[in-house]
Amino acid sequence: MRTLLPTLDAMRRRAEAAVLVTVAATRGSVPREAGAAMVVGAGCCHGTIGGGQLEHRAVAIARELLTRVAAGEALDGVRLVRFPLGASVGQCCGGVVELAFEPLPADAARWCERARQCARAGQGWARISALADGTPARVLTAPELRADTALPATVRNTALALLGGASDGAAIAAAAPGGRQAWLVTATVAPELRVALFGAGHVGRALVDTLARLPLQLTWVDVREDAFPPALPDNVTAICTDTPEAEVRAMPADSVFLVLTHSHALDFELTRAILERDDFRFFGLIGSRAKRAAFERRLRERGQAAARIARMSCPIGLPGIVGKEPEVIAVAVAAQLMGLRGRRSAGQDDSAATVRDHANDKGWAGAA
């Protein structure tokens, strides 16, 4: 859902009707898990619920709903359609998917601005939509859910349980056991990875373009005011500062640090500040084997412990992805970061060790 918000907002501003299609429930082997979503307009589709015949059928249903809306028919609430993938769709995975179809008239998607506020703040949120009527959808954070006593307890508890999970999800919740009213609850969890990226040069910009599509929260730091693009994705916060080392100290524990500035001197000062923390999940420094050796020598001369120096990953990027083009480095680093999910900072990170050992053998993506 997080990546669909700018699209939904743009369609709303153009007064363009859309249908939000969400995987509401699954059983067995399915292409995407509950919570996956796509937005279907009259001439466009954004996002995916898994592709194949299931998505083809979903787009057709969504556009039939759009045709009815355009004809003046009032379509309130959320519609559920069950798809046995083998029997009715012909997909070999063979599970069952229940899709929720929610027409979003041009003036009814204002909830997305609240969701975008949560995304910019790095918060998780739940979106609650009534199945049976046109009650406006609501976006609530976990503290707001706990305080909202007017919301049925079953719905509130379902939303809180989903927000406490490791990944986005969805569920159908009844207002009460055996109750007639039901709700679609989708949860977009807070990003697990908090990334501080120092440097807004060619590689930094390519990396932000890639990371902006991924489930993480990114703080982008540079000393040059004109280095940042005029518009930024919801999950990116740009900071222009003469004291970037202070931004190292401002990041929470278990953060990911990426250093790729225009200055080797600044890279070194940032490296010192990051290693002094020693509570990060990952630290990647752009550079060659020669740069790493020079930094290691200088760090030892300044009394830095060998165990901390060993946590520095330089060059950066997933081993085996060779190339010095900014876009190639961005893909290699993004793949490396996705491998960090589900892991917490506790001494030497395995991926850092893998990269370091690989770097000892060959020079590849990330040399500077």
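Contact here means heavy atoms within 4.5 Å, and axes are lines fitted to C-alpha atoms, for helices over the stretch in contact, with angles running from 0 to 180 degrees between N-to-C directions. Helices (H or I, at least four residues) and strands (E, at least two) are DSSP runs, numbered from the N terminus. The structure is a predicted model, in which local features need pLDDT of at least 70 and side-chain atom pairs count only at pLDDT 80 or more, while totals for chains, interfaces and linings use all residues. Residues are numbered from 1 along each chain as its sequence is written, and side-chain values use heavy atoms, with hydrogens and water left out.

The chain has 13 helices and 15 strands. Of its 368 residues, 50% are buried, where buried means under 20% relative accessible area, exposed over 50% and partly exposed in between (1.4 Å probe, protein chains only). Among contacts in the chain with a separation of 6 or more, 59% involve residues 24 or more positions apart.

We can turn next to the sheet. An open sheet is formed by 6 strands in the order E12-E11-E10-E13-E14-E15, with parallel pairing; two strands pair if DSSP finds at least two bridges between them. Strand E12 (236-240) and strand E15 (312-313) stand at the edges with a single partner strand each, so one side of each is left without a neighbour in the sheet. Strands of a sheet pair through backbone hydrogen bonds, either parallel or antiparallel. Strand E13 (residues 256-259) and strand E14 (residues 282-285) are joined in the parallel sense by 4 bridges, and Phe 257 stands opposite Phe 283 in E14. Helix H7 (residues 202-211) lies across strand E10 (193-198), strand E11 (216-222), E12 and E13, and runs at about 160 degrees to E11.

The axes of helix H9 (residues 264-277) and helix H10 (residues 289-301) come within 11 Å and cross at roughly 55 degrees. This makes H9 oblique to H10, since angles under 35 degrees count as roughly parallel, over 145 as roughly antiparallel, 65 to 115 as roughly perpendicular and the rest as oblique. On the H9 side, His 264, Asp 267, Phe 268, Thr 271, Arg 272 and Leu 275 meet Lys 291, Phe 295, Arg 298 and Leu 299 of H10. By class, this contact of H9 with H10 has 4 nonpolar, 2 polar and 4 charged residues; Ala, Val, Leu, Ile, Met, Phe, Trp, Tyr, Cys and Pro count as nonpolar, Asp, Glu, Lys and Arg as charged, and the others, Gly among them, as polar.

Leu 275 of H9 is buried, with a relative accessible area of 0%. Leaving aside neighbours within four places in sequence, Leu 275 touches Phe 280, Phe 283, Leu 299, Gln 304, Arg 308 and Ile 309. Cys 118, in helix H4 (residues 111-120), is likewise buried, at a relative accessible area of 0%. Beyond the neighbours within four places in sequence, Cys 118 is in contact with Gln 123, Trp 125 and Thr 141.

Most residues other than glycine have a negative phi, and most peptide bonds are trans. Asp 278, in the loop between H9 and E14, has a positive phi of about 60 degrees although it is not a glycine. A cis peptide bond joins Cys 314 and Pro 315, with omega about 0 degrees.
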